[in-house]
Each structure stands twice: as C-alpha cells, then as structure tokens.
Amino acid sequence: MMSRTTVRLITVAVLAVLMMAAGSVSAAKQVTITATRKLNYQGAKGDAMVEGNVRIEYGTTVINAEKVLFNSDSKTAKVDGGVRIAQDNIVITADKMDADFKNDKVRVSGNVKLELTETLTEKDESGKPKKDVVVLVTSSMEIDINTNDFRATGGVTITKNKQKAQAGEAAYVDAEKKMTLMTGVMIETEDGDTVKSEKAVVYTDKEAFEAEGEKIEINFTV
Amino acid sequence: MRLRTGLLIFLALALTTAALYYYGFVAPEPGSAETVPVAEKDAPEVLIRGLSMSSWADGEKVWEMEVERMELPRFGRNAVLYDITDGTIFRDRGPYLGFSAGMAKVDGRNRMEFSGGVVVDSEGKTLMAAESMSWDPATQKVTVPGEAKITADGGTVMAKNLTVDLNDEYIYTTGDIIAQQGDNIRITAGNMKYSVTRREMEIIGPSKIVIDL
C-alpha cells in the first residue's frame, strides 16, 4: 500500500507534468497570412504566392507587402517588391526581405530604413514621457524577431535628434538599448563637432555615446 | 327436441368450430397477409450483370467503366448502374481521371447522376470524394452540388460545391473553402481553382493562411 504522502507526491508530479504540457501547447507559435487579391498554393512544394495587401502576423511582428512567396515546409517568406516590418517600437522598410520563422530571423536588403522609437525617462511639458526616434539607414540588415536585436552591414548612417553617426557596420542589443558601431566610425554632434574612431557605442535611451579604439580623433569648434 | 331444431344447433356448432379452426390455424397472422412479391412487381424490364461500358467520340475513347449490374426499368428510359468501378475519363488519348461510385442514373441524353460514395482519382491517388456528382458528357461538365472533398499531396480542400470542366485542367469551387495541408496549415478563402495537372490551388480574392510552427 502506498502511503498518503506518496500519493500526494505522485499527484503533484502528475499535475506539474500536465501544466508543463499545457504550457508547451500554449507556447506554440503561429504565422497568419492574409491577402486580398490572389493566392497560388502548391501543396507538394509547400510554396504559397500571395498577392495584394499581404499582411503577415507573427507574434508582435507585422509584415506588410504587395507580394510574398511563403514556403510552408521551410517556414520562410520572401519579398522582392518592397516591405514594411513593424515590431514593438521598431519599423523597418526595405526593398527585399527573407524571413525565417523557424529561427526567428529576418534579413532585409536594399534601401533599408529602420526607425526605432525610444521612450525616455524624461518628461515633456505636458508630463508625458519624451520620445526619441533613432533612424538607421543601411543596405543590408539581419533582425532577430524574437529579441529585436539586429545587425546592419554594408554602410550604416544613424540619425538621432541632431546627432549623426556613420559606420561600416552596426549591431544593436535591445535588452541593453546599446548600438555598437564598427569600422570607420564617425559621429557628428549637434554642435558640429566630430569624433572618429574604430568603434563607438551609442545608447538609444541616453544622449551619451562612447568612442573606443586605439586611434580616436576629435574635431571640435572653440 | 324436434329434428329441425337439432339440425340447426348442429349446423351452428359446426360453423363455429370451422370458423375457430380457420382463424386459429389456417388464416395468417394479422400483418403477415400474403401479397404479391414487391421484388417482382418492381423488377426491371432488363437486368444485365457484369458490364464493361465505354463511350467513343470522333474515334477517340471518351470514358469507360466496369459496372456490376445495370437495370432498365419498365417505365421511363433511365438506366440505373450499380457498383461502378475502374471508371476512366480520357483526355488527349490518355487516361485523365478515374472514378468509382455506388450507383449512377443515366438519362436519355447520357447524363449521369452518380451517388453513394463517389470517388474521383488522378494518377491512382484519390483526388475528390463526394456523396453525389453529375456528369454531362456532352458539355464535359462534372458538378458536385453538395459538399465535396478534394485530396491532393497530403492536403484536403472542403468546398460547398464544385465544378470540373473536363475540357480544361481545373476544378472550380464556389462558396467558402477550407484547405488543410498536413496538421499545421489551414487556408480559408472564397472561390478556388485547382489545377489537376500542376496540382496547384489558385484563389482569386481574399484569403487567409494560418501556419502552426
């Protein structure tokens, strides 16, 4: 005969397993694609070509395009004629997109423009938190749609208020609100002063930046 | 007792006994009265078992099928075919679609109304299943008036009604459709066009795809 304690332990264990199973079920992700004009679907290949006001919803990410090729086997989406991606406080527009929903990765290229709206701790005259918009322009970018982190390559120009920065590459970590600029970094301040370095860190929620590297060149007007 | 009275009593008793015997032993139970056999009354004028049927136009075979039995009723011209198997619709001198059904009624213009588990297959695989289907060889139109299920490449499409124009390669559905590919993809849309040869679904108008990752 099992003791009462053993029975209780087994009951708790079974409940825990059931709760974990329920949790894994609810954690299942979905991609929803809607279109207004046309859908061509080849079940054998898994290819779905959707056209006309295409909207892809994946978690908090919303992708808009005119034409999307989606593969249901590889869970990938491809856009060639202009795309807009909105996720939380980030909006990206680009000519092309390759999304991999299995691995939460989106690659955009061609006239890539990213707008990152940051809510600051400072408040405006009406008492509402101030907002800063960081605009990043590049030719190619990879975004992790799970973390909002991204990496831009092929020349990057960043504008924040009246500050401007240029670099070969940029990597952003959303959890730290930290954008690291690499290769030929040049930062131009509001007053027209310039800082040149091999590496610089810009905090999107702060006014400060840090320049790093063996050779840092600062030009300022006295 | 007078002789006449005795005879009357004897006759009454004899009739009563005879009546009791008839109703007790000879007459059938109520509700089991003997009637003319129904089967014989409704029997067809002609009954043919085990048929291979085929139709030809301009020297080309249009369709063929195996029929377990064919009945030609006494009244009216419509033939009834039962247990249809190995049906084939030909296109461009080759087999295009296969079919089978529980029964079919054929009218004077050779239009066929199939029913009883209609199955249409393509390249040996089930393509379409429906409870009933009509086929007009003159117009080459196949129509499923009720709900139809299209199966292809691990996917299914449920449609409210369906038309196949055998002159082209498409199955047309009208009304809302729900397509399911495997366990994780669902497509909902309005009208659909399905290419039998390319195995491709085309939807004109709004559509929604939901994919479980």
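B:Arg91 stands opposite B:Gly94, which belongs to strand 4 of chain B, in a predicted model whose local features need pLDDT of at least 70, whose side-chain atom pairs count only at pLDDT 80 or more, and whose totals for chains, interfaces and linings use all residues. Residues are numbered from 1 along each chain as its sequence is written, while chains are lettered from A and ligands numbered from 1 in the order in which they are written. Strands (E, at least two residues) and helices (H or I, at least four residues) are DSSP runs numbered from the N terminus, and two strands pair if DSSP finds at least two bridges between them.

**The hairpin of strands 3 and 4 in chain B**

- Strand 3 and strand 4 of chain B run antiparallel and are joined by 10 bridges; together they form a hairpin with two residues between them, and B:Asp92 in the turn has a positive phi of about 55°.
- B:Arg93 is located in the loop between strand 3 (79-91) and strand 4 (94-106) of chain B, and its phi is positive as well, at about 65°, although B:Arg93 is not a glycine.
- B:Arg93 counts as exposed because it has 8 C-beta neighbours inside 10 Å, where exposed means 12 or fewer other C-beta atoms within 10 Å, buried means 20 or more, and partly exposed covers the range in between, with C-beta atoms placed from the backbone.
- Strand 3 of chain B also pairs with strand 2 (residues 60-72) of chain B, in the antiparallel sense and over seven bridges; here B:Trp63 has B:Ile89 in strand 3 as its bridge partner.
- In a regular strand the side chains alternate between the two faces of the sheet.

**Composition of the two chains**

- Chain A contains one helix and 17 strands, and 26% of its 222 residues count as buried.
- Chain B contains two helices and 14 strands, and 24% of its 213 residues count as buried.
- Two residues are in contact if their C-beta atoms, placed from the backbone, lie within 7 Å; among contacts between residues at least 6 apart in sequence, those joining residues at least 24 apart make up 31% in chain A and 27% in chain B.

**Where chain A meets chain B**

- The interface brings 22 residues of chain B into contact with 22 residues of chain A.
- On the side of chain B that touches chain A, strand 11 (185-189), strand 13 (200-204) and strand 14 (207-212) each supply at least two residues, and strand 14 gives the most, with six residues.
- The residues on that side of chain B divide into 12 nonpolar, four polar and six charged, where Ala, Val, Leu, Ile, Met, Phe, Trp, Tyr, Cys and Pro count as nonpolar, Asp, Glu, Lys and Arg as charged, and the others, Gly among them, as polar.
- Strand pairing also crosses between the chains: strand 2 (residues 38-42) of chain A and strand 13 of chain B run antiparallel and are joined by four bridges, and A:Leu39 stands opposite B:Ile203 in strand 13 of chain B.

**The largest nonpolar core**

- A nonpolar core is a set of buried Ala, Val, Leu, Ile, Met, Phe, Trp, Tyr and Cys residues joined through C-beta atoms within 7 Å; the largest has 93 residues, of which A:Ala170, A:Leu181 and B:Ile150 touch the most other members.
- Apart from residues up to four places away in sequence, B:Ile150 touches B:Leu127, B:Met128, B:Thr156, B:Val157, B:Ala159, B:Ile171 and B:Tyr194.

**Individual strand residues**

- A:Asn111 lies in strand 9 of chain A and has a phi near 50°, a positive value in a residue other than glycine; A:Asn111 is partly exposed, since 13 other C-beta atoms lie within 10 Å.
- A:Thr117 also lies in strand 9 (residues 105-123) of chain A, and A:Thr117 counts as partly exposed because it has 13 C-beta neighbours inside 10 Å.
- Not counting residues up to four places away in sequence, A:Thr117 touches A:Asn89, A:Lys131 and A:Val133, and its C-alpha atom is separated by 8.9 Å from that of A:Thr204, 87 residues apart along the chain.
- B:Ser115, found in strand 5 (residues 112-122) of chain B, is partly exposed because 15 other C-beta atoms lie within 10 Å.
- Leaving aside neighbours within four places in sequence, B:Ser115 is in contact with B:Ala101, B:Gly102, B:Met103, B:Glu131 and B:Ser132, whereas B:Ser115 and B:Gly175, 60 residues apart in sequence, are 22 Å apart from C-alpha to C-alpha.
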